[in-house]
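Welcome, and thanks for taking a look at this one with me. Please open the sequence and the structure side by side before reading on.

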Amino acid sequence: MGQMGLASSETVSILMFLLPGFVAAAVFYWITSHPKPGAFERIVQALIFTILVQALVKIFVFAMEGVGWTFSWDETGHLVFSTATAIGLGLVAVYILNRDIPHRYLRRIGVTRENSYPSEWYSVFDRHAGSYLVLHLKGERRLYGWPTEWPSRPDEGHFLIEEVEWLHGDERTPAKGVAGMMVPASEVEMVEFLAQTTPTE
């Protein structure tokens, strides 16, 4: 019983140590479109985030003590502050990767040709976020309009298109009285981005 109790105590201590890292990773995957990794990769990411969180906490404490402030918190207080730091770290990671910041600079110096986005689909829609588009639908139908929302993946979700017009050869037929149209991504065979960059009033 004694050994079992010791093992359980060690397990709880490890989980408490990794908790801020799991919180930071959870915040990241809740907000971004990046696919969730497997169990092993999650543990590795949690460990990396935990190391960063603990380093930030130590830097903060060191800086505050340098200006005369002293901290005497118990284990619970340290956990609460670490968790709050983890949430902030997760939000910062979301901000940085959603703007392709690390890969942008790495591409400039020739280290990589990749980007920070979860897929080419996501990257292209981000790059052409200010463009009208034409959805080529099944049955050789074409729909022109301004995309207000679009799916994060090409095989699921919906497009929300405003200023809707059906295209028949070179002719346009406005969808009168339609404020917006939801189009399943599964119905879309190709997406054509146009050079026009400002929605009409």
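Does Leu91 count as buried, exposed or partly exposed? Leu91 counts as partly exposed, because its relative accessibility is 44%, where buried means under 20% relative accessible area, exposed over 50% and partly exposed in between (1.4 Å probe, protein chains only).

This is a predicted model, in which local features need pLDDT of at least 70 and side-chain atom pairs count only at pLDDT 80 or more, while totals for chains, interfaces and linings use all residues. Residues are numbered from 1 along each chain as its sequence is written, and side-chain values use heavy atoms, with hydrogens and water left out.

**Nonpolar patch**

- Leu91 sits in helix α3; helices (H or I, at least four residues) and strands (E, at least two) are DSSP runs, numbered from the N terminus.
- Together with Trp30, Ile31 and Ile87, Leu91 makes a nonpolar surface patch of about 450 Å².
- For such patches, residues must have over 30% relative accessible area and no salt bridge; like charges are joined within 9 Å, and nonpolar side chains (Val, Leu, Ile, Met, Phe, Trp, Tyr) within 5 Å.
- The accessible areas come from the Shrake-Rupley method with a 1.4 Å probe, and for residues only the protein chains shown count as cover.
- At least two residues of the nonpolar patch come from each of α1 (2-31) and α3.

**Helix α2**

- Helix α2 covers residues 39-66, and its 28 residues should span 40 Å at 1.5 Å a residue; the end C-alpha atoms are 40 Å apart, so the two values agree.
- The expected span here is 1.5 Å times one less than the number of residues in the helix.
- Buried residues in α2 are Ala46, Phe49, Thr50, Val53, Gln54, Val57, Val61 and Met64.
- An α-helix has 3.6 residues a turn, so residues three or four places apart point the same way.
- After α2 comes Gly68, which has a positive phi near 100°.

- Asp100 is placed in the loop between α3 (75-98) and α4, and Asp100 counts as buried because its relative accessibility is 6%.
- Although Asp100 is not a glycine, its phi is positive, at about 60°.
- The side chain of Asp100 forms a salt bridge with that of Arg107 (2.6 Å, N to O); a salt bridge is a side-chain nitrogen of Lys or Arg within 4 Å of a carboxyl oxygen of Asp or Glu.
- Arg107, with a relative accessible area of 32%, is partly exposed.
- Thr112 lies in the loop between α4 (101-108) and α5 (120-127), and its relative accessible area of 19% is why Thr112 is buried.
- Leaving aside neighbours within four places in sequence, Thr112 is in contact with His103, Leu106 and Arg107, where contact means heavy atoms within 4.5 Å.
- A polar atom of the Thr112 side chain lies 3.0 Å from the backbone nitrogen of Glu114.

- Glu163 belongs to strand β3 (residues 158-168) and has a positive phi near 55°, in a residue other than glycine.
- With a relative accessible area of 27%, Glu163 is partly exposed.
- Glu165 is also found in strand β3, and Glu165 is buried, with a relative accessible area of 18%.
- Beyond its neighbours within four places in sequence, Glu165 is in contact with Arg142, Leu143, Tyr144, Arg172, Thr173, Pro174 and Ala175.
- Arg172 is also the salt-bridge partner of Glu165, with the closest N and O atoms 3.7 Å apart.
- Arg172 counts as partly exposed, at 48% relative accessibility.

**Other salt bridges**

- How many salt bridges does the count come to? The count comes to 5 salt bridges.
- Arg141 and Glu187 form a salt bridge, with their closest N and O atoms 3.5 Å apart.
- This pair links distant parts of the chain, 46 residues apart: Arg141 is in strand β2 (residues 141-149), and Glu187 is in the loop between β5 (181-184) and β6 (188-193).
- Arg141 is partly exposed, with a relative accessible area of 38%, and Glu187 is partly exposed, with a relative accessible area of 27%.

Terms used:
A polar contact is a pair of N or O atoms within 3.5 Å; within protein, one must be able to donate a hydrogen and the other to accept it, and residues adjacent in sequence count only if both atoms are side-chain atoms.
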